[in-house]
Amino acid sequence: MSTSSFVLVRTILGLSAALTLGTSLAAAADDATEDQILRALAPKKPLTRSLSAPRQADPTERQFVDTLRNRPSRSLSLGEREQIATLAKDKPAIDLEITFDYNSANISRKAAPAVEALGKALANPDLKGSTFVVAGHTDSIGSEAYNQDLSERRADTIKRTLVEKFGIAGSDLVTVGYGKSKPKDAANPADPSNRRVQVVNMTSQTTAAK
């Protein structure tokens with residue numbers, strides 16, 4: 001087999017593996033595309049109309065989410081932050097590596113493509129009617145209070161960018177900061193992978209646009 005043919009086979013195999021992984025790949029990707037974000041955040045649907053009835057939206061859950069609209073992340077209590085985390089566990093979500101300038105809530109130039117992909121995905125008609133949580137996370141370096149404040153300011157920066165640049169309704173974006181309290185890699189709390197922005201679609205399958 002020639003070198004060019006070998007490279008082609010490797011490429012085809014790599015693409016096949018990526019397609020097989022589907023949403024799992026998207027949820028773990030650091031440089032997720034608009035399509036990957038869209039698929040990861042799509043409301044869950046029943047397998048068939050006849051065998052599985054759609055889950056009805058919990059009115060208590062919906063009322064709680066409604067109380068969070070148009071509030072800055074720093075205004076949320078610890079109890080509210082934990083309740084958001086609990087509700088988000090079974091929702092469509094994706095972790096994005098959106099970096100910021102050092103000791104700052106300014107989005108870095110390197111992160112521009114990720115923010116662009118996120119903005120376009122959230123503006124897609126397929127997600128119309130959804131409410132999203134934008135959660136900021138940090139690594140373990142620094143004090144708890146410092147990281148909590150930084151994660152809140154960064155989450156609010158992402159929201160402001162999505163509203164101003166991509167026309168996302170501010171009331172559809174709930175921001176929350178978790179500081180270093182919820183690392184992605186708990187075994188290595190100082191690892192850079194813990195510095196991330198998590199986006200969660202809080203809307204049930206029955207209330208999102210069809």
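User: Is Asn-106 buried, partly exposed or exposed in this model?

Analyst: This is a predicted model, in which local features need pLDDT of at least 70, side-chain atom pairs count only at pLDDT 80 or more, and totals for chains, interfaces and linings use all residues. Residues are numbered from 1 along each chain as its sequence is written, and side-chain values use heavy atoms, with hydrogens and water left out. Buried means under 20% relative accessible area and exposed means over 50%, with partly exposed in between, for a 1.4 Å probe and protein chains only. Because the relative accessible area of Asn-106 is 47%, this residue is partly exposed.

User: Which strand and which helix does the loop with Asn-106 lie between?

Analyst: Helices (H or I, at least four residues) and strands (E, at least two) are DSSP runs, numbered from the N terminus. The loop that holds Asn-106 lies between strand E1 (93–96) and helix H6 (112–122).

User: Which residues of helix H5 are buried, and what arc do they cover around the axis?

Analyst: In H5, the buried residues are Glu-80, Arg-81, Ile-84, Ala-85, Leu-87 and Ala-88. The arc is that of the directions from the helix axis to the C-beta atoms. These residues are on the same side of H5, because the arc they cover is only 165 degrees.

User: Which exposed residues does the face of H5 turned away from its buried side carry?

Analyst: The buried residues of H5 pack against helix H4 (59–68), E2, helix H7 (144–166), E3 and E4, where contact means heavy atoms within 4.5 Å. The face turned away from that buried side carries the exposed residues Leu-78 and Thr-86.

User: Why is H4 described as oblique to H5?

Analyst: Axes are lines fitted to C-alpha atoms, for helices over the stretch in contact, and angles run from 0 to 180 degrees between N-to-C directions. The axes of H4 and H5 come within 12 Å and cross at roughly 130 degrees. Angles under 35 degrees count as roughly parallel, over 145 as roughly antiparallel, 65 to 115 as roughly perpendicular and the rest as oblique, and therefore H4 is, relative to H5, oblique.
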